[in-house]
Amino acid sequence: MAELIVALDLPSGSDALALADRLPGLAWAKLGPVLYVQEGPALVREFAARGVRVFLDLKWHDIPTVVAGAVAAARDLGAAMATVHCLGGPEMLAAARTAAGNGDFALVGVTVLTSHDAAGFEQVVGRGVPDLGFEAERLAKVAMQAGLRGVVASGHELGLLRETLGTGPWLVVPGVRLPGDGPGDQRRTIAPRDAVRGGATHLVVGRSITAARDPAAAYQAVREAMES
Ligand code: C5P
């Protein structure tokens with residue numbers, strides 16, 4: 001069964017903790033750069049102490065030594081999962097993988113940001129990109145060769161990635177929207193049920209829950225949609 005990760009992109013740590021308290025059975029909280037820069041390691045420790053696994057989504061992309069150091073620090077801090085950019089390349093990914101160790105700590109690679117469309121990605125890579133799915137597939141293979149636990153990819157690439165990677169790797173899918181919710185800055189969104197059916201192992205849901213008029217009800221709605 002796929003797991004639900006709530007992306008707590010909120011203004012402060014106390015807002016994040018207060019919201020988490022309203023979500024019964026919350027197993028995973030995703031902390032991103034905004035909250036982490038504000039609150040630091042204490043917030044990770046606080047969630048871990050409450051039995052909530054922390055997905056520390058800082059998307060590292062730097063020279064191998066620096067990324068390896070960040071990964072080791074995240075693991076030692078008690079985070080359960082962290083992200084590196086596949087675009088950092090095989091050497092950086094291999095160093096990160098070694099630093100992650102062989103315990104439960106999971107390292108996953110970001111393929112193509114779900115906020116990219118083909119035109120935006122073309123501007124970044126400086127060549128034609130006929131299909132973002134193939135870019136995600138190409139980058140996912142680099143992550144797998146480096147021994148990462150899985151990749152982060154949009155729901156639109158799930159079929160292709162499952163076919164290419166087989167059943168083992170984690171497929172962590174952001175850009176998840178309840179039917180009727182606006183996409184915001186996401187370009188490639190997917191409904192919870194479709195993500196589960198497509199083979200996602202983890203669904204990352206932010207604003208569909210955090211910006212809902214009733215976040216607890218939206219959280220329940222996502223859980224029910226995942227099970228339906
Ligand atoms: O609010 P929303 O559901 O769009 O939030 C998605 C979350 O997933 C954000 O925290 C964003 O940083 C993260 N994310 C993403 N695309 C990726 C990787 C992570 O949107 N490729």
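A pocket is an open set of points, on a 1 Å grid over the protein atoms alone, where a 1.4 Å probe fits, with protein on both sides within 12 Å along at least five of seven lines. A molecule sits in one if more than half of its atoms lie within 2 Å of its grid points.

View 1. The ligand sits in the largest pocket. Two elements, β3 (53-60) and β8 (202-205), each give two or more residues to the shell around the ligand; strands are DSSP runs (E, at least two residues) numbered from the N terminus. The model is predicted: local features need pLDDT of at least 70, side-chain atom pairs count only at pLDDT 80 or more, and totals for chains, interfaces and linings use all residues. Residues are numbered from 1 along each chain as its sequence is written, and side-chain values use heavy atoms, without hydrogens and water.

**View 2. Residues around the ligand.** There are 17 residues around the ligand (a heavy atom within 4 Å). D9, K30, T114, R177 and R207 come nearest. The shell holds eight nonpolar, three polar and six charged residues, with Asp, Glu, Lys and Arg counted as charged and Gly among the polar ones.

View 3. Polar contacts here are pairs of N or O atoms within 3.5 Å. The side chain of R207 places a polar atom 2.7 Å from a ligand oxygen. For R177 the distance is 2.8 Å, and for K59 it is 3.4 Å.

Terms used
A polar contact is a pair of N or O atoms within 3.5 Å; within protein, one must be able to donate a hydrogen and the other to accept it, and residues adjacent in sequence count only if both atoms are side-chain atoms. On a 1 Å grid over the protein atoms alone, a cavity is a set of points where a 1.4 Å probe fits but cannot get out, and a pocket is an open set with protein on both sides within 12 Å along at least five of seven lines; lining residues have an atom within 4 Å of a point. Helices (H or I, at least four residues) and strands (E, at least two) are DSSP runs, numbered from the N terminus.
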